[in-house]
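Here are my notes on the model, point by point. Please read them with the structure open.

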Amino acid sequence: HNFCRSCITERWDREGRNSCPECREEFTDSTLRGSRALARLSEKARALSPNRTQKRSKLHCEAHQEELKLFCDTDKKLICVVCAAGREHKSHSVMLVDEAVEIYKVK
C-alpha cells in the first residue's frame, strides 16, 4: 500500500506502533520504500495546482499542445484527450488526473 511519508510516520508516532492504515498489518521494520510512479504523479499534480491563490500552471502535451487532463494508469503518465483517443492508449485504463491523485494518495 502507498502513503505519504509524513502521514504514515505521523500516524505511527501517534499510535505507537507500525501498522498499515489500510490492512492493519503490523510489522517491526519501519523502513519505507519510495514509489517513483507515485512521486512523479504527485510532482505533476503539484505543477498543475501549486496553490489555490496562484493561477494554475497547466502542463501541455508535447505532441498535441493540449492540456494534460488525464492519467493513463497503464503507462503511469499524464496524457491529453487526443492521446487517450489514439491507438497508443485506446485499450488502457485512463482516468481524470484528480481521480488518480486521490487513488494513489490512498494506496
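1. Which residues of helix α1 (residues 5–15) are buried? They are Ile8, Arg11 and Trp12. Buried means under 20% relative accessible area, exposed over 50%, and partly exposed in between, with a 1.4 Å probe and protein chains only. The three cover an arc of only 100 degrees around the axis, which puts them on the same side of α1. That arc is taken over the directions from the helix axis to the C-beta atoms. An α-helix has 3.6 residues a turn, so residues three or four places apart point the same way. The face of α1 turned away from the buried side carries exposed Glu10, Asp13 and Arg14. Gly16 follows α1 and has a positive phi, near 75 degrees.

2. A word on the source. This is a predicted model, where local features need pLDDT of at least 70, side-chain atom pairs count only at pLDDT 80 or more, and totals for chains, interfaces and linings use all residues. Numbering starts from 1 along each chain as its sequence is written, and side-chain values use heavy atoms, with hydrogens and water left out.

3. Overall layout. The protein has 4 helices and 3 strands. From the N terminus on, the order is α-α-β-β-α-β-α. Helices (H or I, at least four residues) and strands (E, at least two) are DSSP runs, numbered from the N terminus. Of the 107 residues, 25% count as buried.

4. Ser19 deserves a look. Ser19 sits in the loop between α1 and α2 (36–48). At 1% relative accessibility, Ser19 counts as buried. Setting aside residues up to four places away in sequence, Ser19 touches Ile8, Trp12, Arg24, Glu25, Glu26 and Phe27. Contact here means heavy atoms within 4.5 Å.

5. Strand β1 (residues 70–72) pairs with β2 over 3 bridges. Two strands pair if DSSP finds at least two bridges between them. Leu70 stands opposite Ile79 in β2.

6. The core. The largest nonpolar core has 17 residues. A nonpolar core is a set of buried Ala, Val, Leu, Ile, Met, Phe, Trp, Tyr and Cys residues joined through side-chain atoms within 4.5 Å. Leu41, Phe71, Leu78 and Ile79 have the most contacts inside this core. The elements giving two or more residues to the core are α2, β1, β2, α3 (81–85) and α4 (97–106). Beyond neighbours within four places in sequence, Leu78 is in contact with Leu41, Lys44, Leu59, Leu68, Leu70, Phe71 and Val97.

7. Cysteines. How many disulfides does a search of the whole structure find? The count is 0. A disulfide is a pair of cysteine sulfur atoms within 2.5 Å. For Cys80, the nearest cysteine sulfur is that of Cys83, 3.7 Å away. Cys80 is buried, at 0% relative accessibility. Cys83 is also buried, with a relative accessible area of 17%.

8. One last pair. Ala47 lies in helix α2 and counts as partly exposed, at 27% relative accessibility. Ala47 and Lys58 are 11 residues apart in sequence and 7.4 Å apart in space, C-alpha to C-alpha.
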